[in-house]
Every structure is written in C-alpha cells, then in structure tokens.
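Work through the exercises below with the sequence and the model side by side. Try each task before reading its solution.

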Amino acid sequence: MAQLNVNPTRMELTRLKKSLSTALRGHKLLKDKRDELMRQFLDIVRENKVLREKVEKQIAEANQYFAVAGSLMKREVLSSALLMPKQGVDLNVGTKNIMSVDIPTFNVKTKTNSKNDIFSYGYVNTSGDMDTAISILSETLDDMLKLAEYEKSAQLLASEIEKTRRRVNALEYVMIPNYEDTIRYISMSLTKAKEATRQGY
Amino acid sequence: MKDTEYTYAVAYMKTLENKMLSQNDIETLLSAENEESCKKILIEKGYGSNLSGNETADEILTSEFEKIWTEAKNVCPDGAPLDLLLYQNDFHNLKTILKASVMNVDWHDMILKPCIADPEDIENAIKNVFFDDLPQFIREQAKEAYKLITSVNDGQIVEVYLDKAYWELISQKANTEKNDFLIEWVYLNTAIADFKIALRSVGKSKEFIKDALIRTDNFNPDKLYQAAQTGTQAVIDSISSYGFTDAADSLKISFSAFEKWCDNKKMQHIKKAKLKSFGFEPILGFLIGKEYELQTVRIILSGKVNHIPIQIIKERLRDLYV
C-alpha cells in the first residue's frame, strides 16, 4: 500500500478527488485508445503477412530466373546488360494519421508505364529468362513499397501501443491506487481529527 | 588462303577435340554434389591446367577459353580470319565502356577477353571523343554509338545499334572471305538473332523494331518486322515461313525451349566442320564448339551454386560439339 506524501487537509482531499476523477477518465480513454490501436495493428499485421509472403515468393521466382539467365550468359555480359537502367522511379513520401501516430505512405510513379519499355539491354546476346526476372521484379515494386509502408506502420503502431500500455498500467496499478489510498488516508485522518476535536469539547 | 595451309592447325585442333568434354562427362558433372566437386572433375579433365588451383569456377572457365584461343592463334597461319570470332568481344567491350562512362562506374570486371581493341584505348577514345586511333573495324561504330548514347541516354538503343553493326560487319567479312561455311553460319546467326529480337520486341514501337532487326545481304527481316507489330503468334508464323518450322514448334513449349533450339541449330551447322580435314572450318568449328562446351559447364555450375532443380538445368543443356 502506497500513498502520496501530502498534508491531510480538506483542500488536499478535494484536489486529490479531482485528480482521481481525471485519472479514471484518462485511464478509460487510454484503454480505448490502446484497444483501437491494437485493432488497427492486427489488421495491418494480417495484411503485412499476406503481402510479405507474396513479395517473397515473387522475389524468389525472380532470383531463380536471374540465376538461370546467369547460367546461360557470361557474368560479364549479364553485368553489362544491367549497367544502365532504363526504368526510372519517382517516390513521393507522405504521412497518414492513425490514432495520433503518423505512418508513412509511399506513392510511386514510374518513368514509363509500358511493360515492354523496362529492359536496358539488346535482345541478341541476352537470355529471355532475364526479361522474365525483370518483369517479375517490376511487377513486385508496388507490392514491395506497400509492404515497406505496412512494416513501418506496424513498427510505429507497436511502439505507440507499448507507450499507451505503460500509461494505462501506470494509471491502473500506480496512480489510481495511490490516489485512492491517499484519499482514504486523508479521510481517515480528517475523521480522527474531527473525533478528537469533539472529545476535547 | 588455300585450305592446305591450315593442315597443321587442323591436325592440332583435332587432338584438342579429343580432350573436349563428352556427354558422359556432362552426366558426371550433373551428378556431382556441389560446385567444388564439379571443379575437381573439370580440373581432372584438363581445365585450368595453366592456373594455380585456387581460382573460382568462373575464372577457370574464362582462362580455359583464353588458353584455347592462344593455342589456336599460335598454330594458325598468319592471315587466318580468326579475328572474326573476337569482334563480338570487342563490341561487347565497347558497349560496356560506353555505358560505364555515362554511369561513371568501373568497367574492368565486365570486359571480355581475348579482344582485339585494347579496352583502355576504347575508354580513352570515349573520354577524348577522338576515335581515329581505334582499330578500323570498330571506329565508325564507336563514333556513332557515342553520339547515340550522349543524345538519347538509353543503353538499350546503343546495344541494339552495336548488335546490328556487329552482325552487319561479320556478314560483310564472311562474304569477302567467300567461305560458304562462314556465310551459312552468319546467315543462321542473323536469322536466329532476328527471331529473338522480333519475339521480344512485340509491343515495342515500329521504329524500335525496325532499328533492332538485323538486315544482311543473306537475310531479309521484312516479314518479321510486320509480324512483330501484330503479335507473338504472328512472329511464330513468320518464323515458320522462313523455313524454321521446328523453331516455331519449340516456341509452343516455352521460350527457353526456343533458346535451346537456337543454340542446337547453330551447333548442328558447326558440327559439319568436324567432317572436314582441311581449311579454316574445323578451326572455327572447334573454337565455337569449345565456347558452347563452356556454356554448358557454366549452366551446370550455376545450377549447383544457386540450387536450381536438376530438371531445369537439364532442360537448358545444349548439344555438345563432340
């Protein structure tokens, strides 16, 4: 049992009762915030899982095609073919507010929209497997950025949930019990003082 | 040059042919546990005999080709048109150095050797925008490619231009040599290159397709040009109309099957050289055959390193020269 180091006066009692009421209201609000953050976090985590599995599958597939292309072409030819990228990407980074957490949003714009205009090499000495690998990676770009958005959001939300959870716990297990104990102590002290005064008369 | 002038060189090449990898050796490589085991098998077969033994598999393959090339150069009489095979490396080096200069990156580990033009000379020519010191066969192409890359800043356009320039040059050289084997080989290569270009250019602009397709005295790509603007099926039909129905059939399976067909078709032609005992053809055949052998080994090694399923590796293995 812990209580605050205060003078057992009526004024203090009134002030502590007000603080307790505020703490109880704050506790309820923070609990609601934590629950909502949790709900949003779980939604993001679920979508993140699906997207990560999809992206990993696509990257593994692209890597396999690259490996096959690498076996059909000399290393020097493969490196040279990819030396001067053709496709350009503009990335606009914004933010979105979820329960007072600023999470990043990515908006990608490619230099060319044509699926055929992304290859940086001639077709005579290069393997068709390289086209497949690059096409897969190109299609994966949007998903990869979405995944980065989700993963960062999940990290930020998790950190905010942790902070809110600490606040809720601090209120629930420390501040509110302290206020209640102190109020009880002041009330008892005041009752005793009143009793003593009455017996003195 | 007279065919009899190559007698010693051909005899020497025939002895080297006996040391080439057989189908059994390829099976042994395929069944090897990992890249290290493959390396041991290759060393047993004479690969990397000029090296210390600590080299990577890729270095062993590169050195093997350079070794064979040096031997061929030493035994061939002066004036043999061996350089024809090296032009490809020079054109690759030119492309690489041009792109590396624009991107400001180091190109030294992307250079193919042996080559005729010194890569440092190519770099100096690009830096100083002065191409007159380059070998004559690449001078004008280098000048034009430099203009292209500095105006459009597009690596693909430069590659397309240089690939086309290379095959046009080889075609001219083959016609000058008046060697039927060489002329047929160039015809086959340009036709196959154009098939690949047409298939992979579907959906690209008319101008790109026109600029990319290789036109030589022996091969007219007009039908492919029209077909590439229509769609993949039209290109496949067009390939059949050039008399390559088996190529069209392989395309029905997959593009990889088609690429395998392309290499095997070239190998079929190269194998004809084995039957000749005089002339330049057996030497050319051996050198190209060796390059294909190295490619086959590279496919297997890469498969082992990257844990590619053996079925996928087997699907991509090409026919051997021996």
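Helices (H or I, at least four residues) and strands (E, at least two) are DSSP runs, numbered from the N terminus. This is a predicted model, in which local features need pLDDT of at least 70, side-chain atom pairs count only at pLDDT 80 or more, and totals for chains, interfaces and linings use all residues. Residues are numbered from 1 along each chain as its sequence is written, and chains are lettered from A in the order in which they are written.

**Exercise 1.** Describe the largest cavity and its lining.

Step 1. On a 1 Å grid over the protein atoms alone, a cavity is a set of points where a 1.4 Å probe fits but cannot get out; lining residues have an atom within 4 Å of a point. A volume is the space filled by probe spheres set on the points, which are joined across faces, edges and corners.

Step 2. The volume of the largest cavity is about 860 Å³.

Step 3. Its lining has 39 residues, and those nearest the centre are A:Val124, A:Asn125, B:Gln88, B:Lys266 and B:Glu291.

Step 4. H5(B) gives the largest share of this lining, seven residues.

**Exercise 2.** Which residue of E2(A) is the bridge partner of A:Thr95?

Step 1. Two strands pair if DSSP finds at least two bridges between them.

Step 2. Strand E1 (residues 89-98) and strand E2 (residues 101-110) of chain A are antiparallel, with ten bridges.

Step 3. A:Thr95 has A:Pro104 as its bridge partner.

Step 4. In this hairpin two residues lie between the strands, and A:Met99 has a positive phi near 50°.

Methods:
Heavy atoms only, no water. 1 Å grid on protein atoms, 1.4 Å probe; cavity = no way out; pocket = protein on both sides within 12 Å on 5 of 7 lines; lining within 4 Å.
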